[in-house]
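Take a walk through this structure, one packing contact at a time. Keep the 3D view open and find each element as it comes up.

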Amino acid sequence: MHVHDLLQLDTLGLTLLWGDRQQLDREISGVTATDLADPRRFLQHGEIVLSGLVWWRPQDDPAKADRFVTALRTAGAVALLAGEETHGAVPDVLVRACRAGGVPIIAVPARTSFRAITEVVYLRQWGDLSRRPHQHYALPEQVRTELGRLLAADAEPDVLLGRGFADLGNPACYLLTASGRTVARTPGAPVLPAPRAAEHLARSAGAVLPVEADGTPFDAWWLHLPDATAVPPRVLDEMADVLGRHRRDRAHRESAAVDRGSELAALLAAPAGDGPALRAALRACGLPENGPYQVAVVAARATADAGPPPDPEPGADAGPDGALAVAALTEALRHHDGPPFAVGRLPGDEALAVAVVASTGRPDAAGDIEAQVRETWPWLTDRQPAVVAQCGLGSVVSAPWELAGSLVQARYALTVARTSAPGSSRVMSAADLSTARALLGGVPATVRAAYRARVLGPLADGRTASHRVLLETLETFLANSGSWARTAEVLHLHVNTVRYRVQRIEALTGRDLSKLENKLDLRTALLCG
């Protein structure tokens, strides 16, 4: 399929903004949807790139658009299909950047989904493949026929792999995710632990081939052949096509499961919902009506735009970052063959999972889900340096009506993770909030600043040298449990000097430091700094 073929399809309603005839005659090898400002590491040569332009804002420097187009040209993209929904129209600055960079740009109307474009491309490619003369195939005709029947019967990927490579003696071949999870393997292939599999993908050990399908970096599939000489490259290409079709055929089912999980999430986020509705939502997600359960919440975002994530607006719909969060959380939980779970979307681009905790009778069984997520998270995030993904976990609860409380805890733990280390991928649970400093991490920065200013008064900003000396004395005094002698020893001062400084602190803050509640207030104010 060629770029100009897309423009001839009235059902898509695409509009060419810039591109010459020679460029529009280029063949499309695949499709990648992205909203990263620099997606080159995720692109393959010959692909069209679909972007909702979430990465661009009207106040951005034009150089940002130039860098994006340069990334597409460097990766060998044949065209940019830019969505109009985010900004109402494709920004002129991006059109100018594409013209300067020699990358055709096509406008996608809000009514046309990226999925529709992807399906057109891959269905056309599959049709072209099926019409090739026999000698153009690497797989024998009977194998292709049987694979077609298996696809129609919704066979599992391991069945497809086994049949596709059976005539070659079923050499070891794996279908892997980017984090090293084995989706399928040929019969007799040894188990490949996730960390080692991820390392093989990172080093491109043996033969590594992407399976083209919609998705995110977290749930992308890769065919991995440890012995690159065991299978002809064209056979591997054809099997990647088969598995890509399988993935696309199942996409609607996975989307429906996320929709059911989102309905469950909506009930938990509005805990006034009735018991029968909550139990029905649990059943619809394939979860039992009784626990124990644990709630996890994830936020993920591309790091192309530096700075902490914005506070989500109440009721906001999930966008591209929401898809990243759902994929990351789903992939983390799929790494372990454990009890069932359901994943859905929360407002503000967050993903929620309700996972059943295994009842093993062991005292530490309640930590199974948390231990799994903590173990898996580095496998996911280390392979995706362009994405920050953070996870919060609530406490284990035993009844459905307690799930809303576990959700509140998980979201607070997530907030602490996001505010304490906004640029790092990490996991934090309600159990980690065992200190005042950790607990305060989830309080909005503006609230903490206001509290500090009210309690510390003139000392809050430490603007003068004398105020900074008093703040140091206060911190040391409180850290030493209000002991005059230990404070004097640490600061190398006479005790009377410490007493004088504490009196000055009491006068400036209006707090009597002989009272425990005042010491707690001042200590909290210091932690809010």
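**Helices and a sheet**

Helix α16 (residues 465-479) packs against helix α17 (residues 484-491) at an angle of about 130°, and their axes are 9 Å apart. Helices here are DSSP runs of H or I with at least four residues, strands are runs of E with at least two, and both are numbered from the N terminus. Axes are lines fitted to C-alpha atoms, for helices over the stretch in contact, and angles run from 0 to 180 degrees between N-to-C directions. α16 and α17 are therefore oblique to each other. The cut-offs are these: under 35 degrees is roughly parallel, over 145 roughly antiparallel, 65 to 115 roughly perpendicular, and the rest oblique.

Which residues of α16 and α17 make the contact? α16 supplies Glu472, Thr473, Thr476 and Phe477, while α17 supplies Trp484, Thr487, Val490 and Leu491. Contact means heavy atoms within 4.5 Å.

This is a predicted model: local features need pLDDT of at least 70, side-chain atom pairs count only at pLDDT 80 or more, and totals for chains, interfaces and linings use all residues. Residues are numbered from 1 along each chain as its sequence is written, and side-chain values use heavy atoms, with hydrogens and water left out.

Now look at another helix pair. Helix α6 (residues 141-152) and helix α9 (residues 233-269) pack at about 15°, with axes 10 Å apart. That makes α6 roughly parallel to α9. From α6, Arg144, Leu147 and Leu151 meet Glu238, Met239, Val242, Arg245 and His246 of α9.

Next comes a sheet. Four strands form an open sheet in the order β7-β6-β9-β8, with antiparallel pairing. Two strands pair if DSSP finds at least two bridges between them. β7 (182-185) and β8 (207-211) stand at the edges with a single partner strand each, so one side of each has no neighbour in the sheet. Strand β6 (residues 174-177) pairs with β7 over three bridges, in the antiparallel sense. Tyr174 has Arg185 in β7 as its bridge partner.

Helices lie on this sheet too. Helix α7 (residues 157-165) lies across β6, β7 and β9 (221-225), and runs at about 35° to β7. Helix α8 (residues 194-203) packs on the sheet and touches β6, β8 and β9. Its direction makes about 90° with that of β6.

Finish with one residue. Gly322 sits in helix α11 (residues 320-334). Is Gly322 buried or exposed? Gly322 counts as buried, because its relative accessibility is 1%. Buried means under 20% relative accessible area, exposed over 50%, and partly exposed in between, with a 1.4 Å probe and protein chains only.
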